[in-house]
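Please find below a short note on the model, arranged as numbered points.

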Amino acid sequence: MMIIGTRSVVVERDIPHKPEKLWRALTQPHLIAEWLMKNDFVPTVGHRFRLRGDWGGVLECEVLAIEPNRKLSYTWNHAHADPAFALDSVVTFTLTPTPAGTLLRMEQKGFRPGQKQAFGGARLGWEKFFSNLEQVLARAP
């Protein structure tokens, strides 16, 4: 359930790779671990999985939508005693083919008004994740 007044973090990048290559990096666990976090992801709607951060935190996730090479959406929930950091959110990746590769759009929605630190951390975090993703794509065959 989304709460009224929530904010979203949106990051868009032009990626010089085809959607199929980007899709693999978004859905194969060993590649996800390289750019995002350790995980037990399976690209199946309804699959529950965990993302384990270097900072020791664990995100509880569930796959909500999959359209191969086009769209991936999952919950991104972090239980925390401090409501400023307890997060119930949804991350959606949208891939749009371009003449030069793919426009990748990520939206994480669900930041409540009192979650300024979590919102700011997500904005910085996704920029870092996307830089990592571009490095993984550059190395991948």
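1. Strand 6 (residues 87-98) and strand 7 run antiparallel and are joined by nine bridges. Phenylalanine 93 has methionine 106 as its bridge partner in strand 7. The two strands form a hairpin, with two residues between them. Strands (E, at least two residues) and helices (H or I, at least four) are DSSP runs, numbered from the N terminus; two strands pair if DSSP finds at least two bridges between them.

2. This is a predicted model, in which local features need pLDDT of at least 70 and side-chain atom pairs count only at pLDDT 80 or more, while totals for chains, interfaces and linings use all residues. Residues are numbered from 1 along each chain as its sequence is written, and side-chain values use heavy atoms, without hydrogens or water.

3. Strand 7 (residues 101-111) also pairs with strand 1 (residues 7-15), in the antiparallel sense and over nine bridges. Here glutamate 12 has arginine 105 of strand 7 as its bridge partner.

4. The open sheet holds seven strands in the order 1-7-6-5-4-3-2, with antiparallel pairing. Strand 1 and strand 2 (38-39) stand at the edges with a single partner strand each, so one side of each lacks a neighbour in the sheet.

5. Helix 1 packs on the sheet, and its direction makes about 160° with that of strand 6. Axes are lines fitted to C-alpha atoms, for helices over the stretch in contact (heavy atoms within 4.5 Å); angles run from 0 to 180 degrees between N-to-C directions.
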